[in-house]
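Keep the 3D view open as you read.

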Amino acid sequence: MKMEIDDENPIPLHMDLLSYPGTVDFPQHVRIPEKLVSEGTGTDFSSAVRQNKHFSRQYAHTYFIRLSSIRPILADKIRKGWPEVVLKKISGLCESSTTNIGPTSPRKMYNSPKKYSLSPRKLASSGRKDDEHGQHIALHEDVTVAIIGTVFKQQPDKPSILQELGEEIQLTDRTTKESYISEKDVLLLEDETTRVRLIPTSTSGISINGLVNGLVFGVKGRPTIDGRFEVFDVFWPTPSPSVWPDKKYSERSEIVFVSGLQFGSDTENSLELGLLFEHLQGFAGSSFEQENIIRKRTRVFFLGNSIHSETGNEKYKATAANSKKLDRMISCLAQTMEVFVIPGKEDPIEAMYPQPPLHKCLFPLSIQYSTFHLLSNPSRVQIPLSSKTENDPPSLDLILTDGEPIRDAMKFSDVKSSLEMGRRFMEWGHLCPTAPDTMPLHPGFEDDPFIIKDKLPNFFFIGNQKEFGSVEWNGTKVISVPRFAVSNTVVVITKDFRAQTVEFNLTL
């Protein structure tokens with residue numbers, strides 16, 4: 001079928017968005033067998049959110065869902081790891097300091113058994129103090145117990161809506177901070193009943209500045225005389241270690257990871273960008289490099305911030321032009337290799353996490369190929385490795401993110417390395433713990449899509465970072481992918497699952 005091309009509009013006329021998609025036989029010289037095409041295999045983190053949007057619900061529902069989903073996992077670990085410790089809810093440790101005031105006290109109303117607690121007057125005379133929530137630890141609870149809850153950090157420097165309103169009317173300074181931790185931060189643990197202040201000990205393995213809001217974990221400790229909880233040890237809902245496929249099934253293929261193209265921005269390096277796409281298509285390098293190195297690179301992932309988007313009536317046209325140029329270049333890649341694209345914060349996409357895949361209308365040429373996949377942010381993808389096995393072929397398990405949840409969590413902790421924060425995400429078993437506190441999140445979903453279930457992935461890729469890095473923990477390799485617009489560097493996973501970098505640098 002002959003395609004008609006308009007000089008001013010490089011998109012074939014029959015592919016116009018207002019017309020029915022055409023049936024064109026595109027030449028596909030794909031480097032990988034058809035059986036290995038992933039067909040979009042993976043987890044769309046945003047699908048459940050798009051199907052169940054309940055904007056009438058408060059974000060308290062989000063924390064309740066997260067706690068109720070993770071609590072059974074932690075309860076099982078506590079029973080096996082601390083068999084001598086009794087698991088209680090936080091309300092089992094505390095009771096209101098007003099339970100014995102007046103004839104209508106809750107104890108008399110519900111005829112509950114008497115507990116050996118102290119009234120406010122006796123509490124003061126005994127040297128025990130109420131905490132800031134008007135609660136104190138009952139005397140008969142001063143034993144080693146375990147509790148499960150959600151981390152809440154009181155941080156005076158943390159941004160809030162009241163501060164933003166104050167900034168709008170110029171009551172406070174608009175200074176943006178890189179870190180919001182301070183010596184005034186307080187660590188609390190709360191469940192659906194109440195909350196208690198945590199005091200980590202030197203053997204607990206945690207610190208106030210090392211944690212962020214929204215984490216769910218179990219702690220073992222002892223209530224103190226002043227109404228706090230002294231932490232001796234912790235349990236995280238860490239999934240089981242990663243299971244790696246046998247390297248003999250890799251069929252000598254390699255995977256390329258690119259992030260932060262910023263196509264159309266002022267920081268875009270046109271020459272290096274062109275060299276990157278020529279390299280991926282096999283047009284760059286010597287004949288030996290093309291046959292023995294480039295030919296093995298059968299898949300490429302773009303990890304967010306690929307299109308430079310601008311706001312404003314006239315600037316929208318620039319965004320459309322940028323996406324059209326990128327679509328033309330990616331469609332050429334899709335003819336010879338498998339292409340995966342996830343959105344990022346700076347892409348033309350909604351801000352709430354998890355972000356849905358970029359719309360197909362942005363890629364009218366690339367979407368025609370079965371080797372082109374649009375993924376959500378974050379995404380979990382299974383990459384088949386071998387075509388020699390008919391049933392259940394071995395695959396690589398990847399979790400991909402544009403890196404924004406990592407950067408947000410680092411603002412509220414003392415962690416300075418994105419690799420270390422990525423490792424902690426694996427240990428914590430959650431991909432976006434600071435949502436919805438400081439990360440925009442869809443409200444009202446019925447299941448927390450960010451919980452890492454079953455087992456850890458083989459790779460956890462963090463896009464749009466300052467530099468390349470790699471660390472392995474519990475069988476998972478955490479990889480930071482640098483921004484291409486700044487570093488001109490991509491990451492390649494070799495046939496033996498090692499990570500290496502390729503830099504595209506032109507010296508004129």
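Begin at Gln 382, which stands opposite Asp 397 in strand 15. Helices (H or I, at least four residues) and strands (E, at least two) are DSSP runs here, numbered from the N terminus. This is a predicted model, in which local features need pLDDT of at least 70 and side-chain atom pairs count only at pLDDT 80 or more, while totals for chains, interfaces and linings use all residues. Residues are numbered from 1 along each chain as its sequence is written, and side-chain values use heavy atoms, with hydrogens and water left out.

Strand 14 (residues 379–384) and strand 15 pair in the antiparallel sense over six bridges; two strands pair if DSSP finds at least two bridges between them. Strand 15 also has four bridges to strand 16, and these two run parallel. There, Leu 400 stands opposite Phe 461 in strand 16. Strand 15 (residues 395–401) is mostly covered, with six of its seven residues buried. Buried means under 20% relative accessible area, exposed over 50%, and partly exposed in between (1.4 Å probe, protein chains only).

Now for the nonpolar cores, each a set of buried Ala, Val, Leu, Ile, Met, Phe, Trp, Tyr and Cys residues joined through side-chain atoms within 4.5 Å. Which members touch the most others in the largest nonpolar core? Of its 44 residues, they are Phe 217, Phe 229 and Phe 460. Among the elements giving two or more residues to this core are strand 8 (216–223), strand 9 (229–235) and strand 16 (459–465). Helix 10 gives the most, with five residues. Look around Phe 217: beyond four places in sequence, its contacts (heavy atoms within 4.5 Å) include Leu 74, Ile 147, Leu 198 and Trp 236. Apart from this core lies another, of 29 residues, among them Leu 261, Ile 307, Leu 374 and Val 492.

Zooming out, the protein has eleven helices and 20 strands. Of its 508 residues, 49% count as buried. Residues 24 or more positions apart account for 71% of the contacts with a separation of 6 or more.

Finally, a word on confidence. pLDDT, the predictor's confidence in each residue from 0 to 100, averages 79 over the protein, and 71% of the residues score at least 70. It stays under 50 over residues 1–37, for which the model has 71 contacts beyond four places in sequence. Residues 133–141 also have pLDDT under 50, with 41 such contacts in the model.
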